[in-house]
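Hello,

Please find the structure below, handed over for you to look through. My notes on it follow.

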Amino acid sequence: MQQLRVLISKEFRLEWRQRYALNGMLLYIVSTVFVCFLSFSLRRNQLTPMVWNALFWIILLFTAINAIAKSFVQERAGRLLYYYTLVSPQKIILSKIVYNTLLMLVLAGLGFGIYTLVMGVPGEGMDMPLFVVNLLLGAIGFAASLTLVAGIASKAENSATLMAVLSFPVVLPMLLMLIRVSKNALDGLDRSVSLDEIGTLLAIDAIVLVLSVLLFPYLWRS
């Protein structure tokens, strides 16, 4: 646990020294939301709950990909070899997942706050607790799955393109369920309607975490 805490604190120190990544993500969220506002403010009554929901998750998805893609790319080969002599690969991948999860929770919270402040909330019967729980599960799922994909893509030369290709089949089923649950929350439906999707999202998050711990050592040794 001490090694894990040191690795996580290392990730925070690196981010604090290179604040352009976090600032770039915040600028991306603000600019994208502002462009959506300008586009739909010209057409009144065109922003239906379905469109509002889809736009929000598209923004959050691309924010997650851009934020997590640098997880292993910024690590130099010499530094990775140094880590290899000190800690186990399980600690490396867990520290990356924990850090990216915290980063995604911050970005998801800020993104949701900016999005609702600028675009408003369609309808009056929104189930806010269900939407927030769904947002938390989505942030954790994006962080865990994209961290593993980033580790795989870092072994290739064109890692950014490879990550986009590999992450699509992994993230797409999760994204569809997230959109469905958040649509149910926007419509104010009973929470029992979304229990199956919530259980599936929890299972996906757990499976991705276990697979990361089991499979990353083989990738690390290569």
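The crossing of helix 3 and helix 7 is right-handed, where right-handed means that the near helix is turned clockwise from the far one by less than a right angle, and left-handed means anticlockwise. Helices here are DSSP runs (H or I, at least four residues), numbered from the N terminus.

Before the rest, a word on the source: this is a predicted model, in which local features need pLDDT of at least 70 and side-chain atom pairs count only at pLDDT 80 or more, while totals for chains, interfaces and linings use all residues. Residues are numbered from 1 along each chain as its sequence is written, and side-chain values use heavy atoms, with hydrogens and water left out.

Helix 3 and helix 7

Two packed helices are described by the angle between their axes and the distance between the axes. For helix 3 and helix 7 (residues 128–153), the angle is about 35° and the axes are 10 Å apart. The axes are lines fitted to C-alpha atoms over the stretch in contact, and angles run from 0 to 180 degrees between N-to-C directions. Contact means heavy atoms within 4.5 Å. On the helix 3 side, the residues that meet helix 7 include Trp 52, Phe 56, Trp 57 and Leu 60. Among their partners in helix 7 are Phe 131, Asn 134, Leu 135 and Phe 142.

Aromatic pairs

The whole structure holds eight aromatic pairs. Rings of Phe, Tyr and Trp (its six-membered ring) pair if their centres lie within 6.5 Å; planes under 30 degrees apart count as stacked, over 60 as edge-to-face and the rest as tilted. One of the pairs is Trp 52 with Tyr 115, tilted, at 5.0 Å centre to centre and 55° between the planes. Trp 52 lies in helix 3 (residues 49–68) and Tyr 115 in helix 6 (residues 89–119), so this pair ties together parts that are 63 residues apart in sequence.

Phe 56 and Trp 57 form an edge-to-face pair, because their planes are at 75°, with the centres 5.4 Å apart. Phe 56 is buried at a relative accessible area of 3%, and Trp 57 is buried at 0%. Ring pairs join Trp 52, Phe 56, Trp 57, Phe 112, Tyr 115 and Phe 131 into a cluster.

Helix 9

Helix 9 (residues 195–221) has 27 residues and reaches 40 Å from its first C-alpha to its last, close to the 39 Å expected. The expected span is 1.5 Å times one less than the number of residues. Helix 9 bends by about 35° at Leu 215, and Pro 217 follows within four residues. The bend is the angle between axes fitted to the seven residues ending there and the seven starting there. Buried residues of helix 9 include Leu 201, Asp 205 and Phe 216.

Three single residues

Ser 194 sits in the loop between helix 8 (159–187) and helix 9. Ser 194 is buried at 0% relative accessibility. Leaving aside neighbours within four places in sequence, Ser 194 is in contact with Leu 130, Val 181 and Asn 184.

Met 174 lies in helix 8 and is buried at 1% relative accessibility. Not counting residues up to four places away in sequence, Met 174 touches Gly 141, Phe 142, Ser 145, Leu 201, Ile 204 and Asp 205.

Cys 36 is in helix 2 (residues 20–41) and is buried, with a relative accessible area of 10%.

Regards

How values were computed. Helices (H or I, at least four residues) and strands (E, at least two) are DSSP runs, numbered from the N terminus. Buried means under 20% relative accessible area, exposed over 50%, partly exposed in between (1.4 Å probe, protein chains only).
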